[in-house]
Amino acid sequence: MHGKGKEMDEAFESIKPRMKGFSKFLGDKKFFIGDQVTVVDFAMAESMDLKTHINPTFLDEWANLKGLMTSVFNLPWVKQYRASDRFN
């Protein structure tokens, strides 16, 4: 695991049950409530992005959550913002 030691490893392990629940709820939908993006999808995408910066393999167990993050970040206006100087 990437990060700083035992505490980081424990933190990532402690959120796995919640991630499993989110994955189950998402199922095969593009976004949490279907085809319509909501604020919840943005919050999850940002949270997962942060986690994958710390641990790049964190979402490997949940392909559908990785897909949700990709779907949010590939929305044209989100993609444009993330590529701008304002984001970085």
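Predicted model: local features only at pLDDT ≥ 70, side-chain atom pairs only at ≥ 80, totals over all residues.
Me: What makes α2 and α3 count as roughly perpendicular to each other?
Reply: The axes of α2 and α3 meet at an angle of about 110 degrees. Angles of 65 to 115 degrees count as roughly perpendicular, and α2 and α3 are therefore placed in that class. Their axes lie 9 Å apart, and their crossing is left-handed.

Me: Which residues make the contact of α2 and α3?
Reply: On the side of α2 they are Asp41, Phe42, Met44, Ala45, Glu46, Met48, Asp49 and Thr52. On the side of α3 they are Leu65, Leu68, Met69, Val72 and Phe73. By class, this contact has 9 nonpolar, 1 polar and 3 charged residues.

Me: Which residues of helix α3 are called buried, and what makes them so?
Reply: The term requires under 20% relative accessible area. In α3, which spans residues 63-73, the buried residues are Leu65, Leu68, Met69, Ser71, Val72 and Phe73. Their cover includes α1 (5-26), α2 (39-54) and α4 (76-82).

Me: How are α1 and α2 packed, and is their crossing left-handed or right-handed?
Reply: α1 and α2 pack at an angle of about 145 degrees, and 13 Å separates their axes. The crossing of these two helices is left-handed. Met8, Phe12, Ile15, Met19 and Phe22 of α1 make the contact with Met44, Met48, Lys51 and Ile54 of α2.

Me: How many charged residues does the contact of α1 with α2 have?
Reply: This contact has 1 charged residue, together with 8 nonpolar and no polar residues. Lys counts as charged, and Lys51 of α2 belongs to the contact.

Terms used:
Residues numbered from 1 in each chain as written. Heavy atoms only, no water. Buried < 20%, exposed > 50% of the residue type's maximum accessible area, 1.4 Å probe, protein only. Helix = DSSP H or I, 4+ residues; strand = E, 2+ residues; numbered from the N terminus. Contact = heavy atoms within 4.5 Å. Axes fitted to C-alpha atoms, helices over the stretch in contact; angles between N-to-C directions. Left-handed = near helix turned anticlockwise from the far one by under 90°. Parallel < 35°, antiparallel > 145°, perpendicular 65-115°, else oblique.
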